[in-house]
Amino acid sequence: MSGNHDIALQRAFRGEEPPPGNHAEREHHEWLAQRISPQYIELMSSWPMRATASIEGVPMLFTHYHLDPDGWYIPVDWSPAAERLNQLYTDTPYKLVAFGHHHVVHHFHAGETTFFNPGALGCAHSEHSVARYGIVTAQSGRVTAETVELAYDNSGFLRSYEQLGVPDKDAILRIFHGRASH
C-alpha cells in the first residue's frame, strides 16, 4: 500500500510539488530522495493506494487511510468513532476495512463491518519500544482482528537520527515515535 509519505518521497525525487498536507516535511523528503536508489522509486510508484480482497467470503478493503472522492487521504480523525467510519463506507460491501496512517490503534465494529488499524509498526508513541501489528482471521463469512505487541530495542535506530543529520528529526521523532530526540 502506498501512503502519503511514499507519494511525497516519489514527488520529491522527481522534483514535483508535494501532495496535499505534506509541505511541512518537504526538506525531509528531499533528503531521502537524494539517498534512495531510483529502482525503489519505480517500485513504490506501482503501489496502489488501496486494494480489495475477498477471503473466506469476507470482502475486505486495505488502504493507507480513508480516501476522499478525489482519491486523496482525508484529514486524520483524531477522535474516531465507529459511526463516523461507518458513514464513510455506507454503500460498500466491506466487512473489514484495514488502514493505517494514524499511528495509534483503532479497532471498531459498526454493524457488519470491522474497522482495524493495528497502529504503525515501530511507532508506539510511548517510552516503551513496541512494534504493533495485526492478525486478521476470516472464516465462514466472519472476520476477527487482534493487535499484537512485541517489545524491541530501538535505541540505536533513534540515535541514528542524530548521527545521520536527518532533517526535521525532532518533528519526525515526535510524530512517528511520540518522543523527543536522544
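1. The second largest pocket holds about 190 Å³ of space. A pocket here is an open set of points on a 1 Å grid over the protein atoms alone, where a 1.4 Å probe fits, with protein on both sides within 12 Å along at least five of seven lines. Grid points are joined across faces, edges and corners, and a volume is the space filled by probe spheres set on the points.

2. The model is predicted: local features need pLDDT of at least 70 and side-chain atom pairs count only at pLDDT 80 or more, while totals for chains, interfaces and linings use all residues. Residues are numbered from 1 along each chain as its sequence is written, and side-chain values use heavy atoms, with hydrogens and water left out.

3. Lining residues have an atom within 4 Å of a point. The second largest pocket is lined by 17 residues, of which F99, G100, N117, P118 and G119 are the closest to its centre. Strand 5 (113-117) and strand 6 (130-139) each supply at least two lining residues; strand 6 gives the most, with four. Strands (E, at least two residues) and helices (H or I, at least four) are DSSP runs, numbered from the N terminus.

4. The largest pocket has a volume of about 1100 Å³. Among its 41 lining residues, N4, H5, H103, I175 and F176 are the closest to the centre. Two or more lining residues come from each of helix 1 (4-14), helix 2 (26-33), helix 5 (155-164) and helix 6 (169-177), and helix 6 gives the most, with five.
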